[in-house]
Amino acid sequence: MRKNIVAANWKMNKNHPEAIELIQSILFSQIPKKTSTFHQVIIATPYLYLREAVLLSQDFPHLYIAAQNCHHQSMGAYTGEIAAQQLESIGVTHVIIGHSERRAYFNEIDEVLLQKIKQALQHHLIPLFCCGEPLEIREANTHLEYIQTQLANTVFQLNPKDFSNIIIAYEPIWAIGTGQTATVAQAQEVHAFIRKLITDKFGTDIAENTSILYGGSCNAQNASSLFAQKDIDGGLIGGASLIAKDFETIVLSNTTQ
Ligand code: PEP
């Protein structure tokens with residue numbers, strides 16, 4: 001059975017005291033009490049706070065710490081970069097790969113993203129792989145083909161066993177950080193489409209066990225209606241994950257689905 005997952009993407013926000021305060025607010029909220037083996041809560045902090053977040057959360061069984069990126073090579077002369085194996089060595093369990101901001105600002109193309117995914121899997125990190133279309137593609141009504149190509153070039157290159165370890169996040173770029181959430185129908189349409197593509201490629205069992213998260217201005221007000229959709233298994237949350245109370249509301253709305 002697939003898991004309900006809510007993941008926080010803090011991006012490049014919070015200084016050190018603020019980051020620790022936010023982690024502690026999450027740990028002392030209702031989240032640990034209300035989550036079970038059917039749930040995962042993933043917090044993607046800046047690299048700087050990962051080790052401390054891992055240590056603080058180690059007694060909380062459904063809470064996982066993620067990096068927001070990793071390098072596509074295993075180690076070496078890549079000044080300023082962080083490798084998957086380094087993340088594994090400090091207890092990080094997940095890594096976001098292919099976020100639209102990384103694609104847009106750091107020129108991360110599908111070929112490089114596939115290498116990152118392979119690095120992550122080789123070092124026992126679960127990739128949280130993002131896909132999603134820009135506004136002009138949505139307006140041209142070619143978003144399904146666009147997403148199909150993103151998946152075909154990346155996670156669909158994996159063997160079934162490796163693919164079974166992937167979490168997918170559908171994040172329409174026009175909805176990220178804009179306050180313009182996809183409608184429930186728009187999101188469900190794409191999630192069902194992605195699940196159908198997974199079924200065609202890897203079979204029903206794998207498709208039914210793959211968690212597909214929605215991301216893009218998901219907040220404490222709209223989360224429960226999104227998460228109630230058949231193919232939406234939770235969310236990847238940016239802005240609203242920086243406010244402890246809002247993040248708690250979002251996570252708790254996913255535990256009642
Ligand atoms: C994101 O960046 O992954 C995201 C979903 O951001 P926001 O929730 O702020 O739109």
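Reply: Start with valine 54, which sits in helix 3 (residues 50-56). Helices (H or I, at least four residues) and strands (E, at least two) are DSSP runs, numbered from the N terminus. The model is predicted, so local features need pLDDT of at least 70, side-chain atom pairs count only at pLDDT 80 or more, and totals for chains, interfaces and linings use all residues. Residues are numbered from 1 along each chain as its sequence is written, and side-chain values use heavy atoms, with hydrogens and water left out.

Valine 54 is buried, with a relative accessible area of 10%. Buried means under 20% relative accessible area, exposed over 50%, and partly exposed in between (1.4 Å probe, protein chains only). Leaving aside neighbours within four places in sequence, valine 54 is in contact (heavy atoms within 4.5 Å) with Ile65, Ile90, Gly91 and Val92. Tyrosine 64 is 10 residues away along the chain, and its C-alpha atom is 7.7 Å from that of valine 54.

Helix 3 leads on to helix 1, as it is among the elements that cover the buried residues of helix 1. The cover also includes helix 2 (31-34), strand 2 (39-44), strand 3 (63-67) and helix 13 (244-255). Helix 1 (residues 16-27) has 12 residues and reaches 17 Å from its first C-alpha to its last, close to the 16 Å expected. That expected span is 1.5 Å times one less than the number of residues. Which residues of helix 1 are buried? They are Ala19, Ile20, Leu22, Ile23, Ile26 and Leu27. They cover an arc of only 160° around the axis, which puts them on the same side of helix 1. The arc is that of the directions from the helix axis to the C-beta atoms. On the other side, Pro17 and Glu21 are exposed.

Strand 2 and helix 13 come up again at the second largest cavity. Together with strand 1 (4-9), they are the elements that give two or more residues to its lining. A cavity is a set of points, on a 1 Å grid over the protein atoms alone, where a 1.4 Å probe fits but cannot get out; lining residues have an atom within 4 Å of a point. The second largest cavity holds about 30 Å³. That volume is the space filled by probe spheres set on the points, with grid points joined across faces, edges and corners. Its lining residues include Val6, His39, Val41 and Val251.

Definitions and conventions. On a 1 Å grid over the protein atoms alone, a cavity is a set of points where a 1.4 Å probe fits but cannot get out, and a pocket is an open set with protein on both sides within 12 Å along at least five of seven lines; lining residues have an atom within 4 Å of a point.
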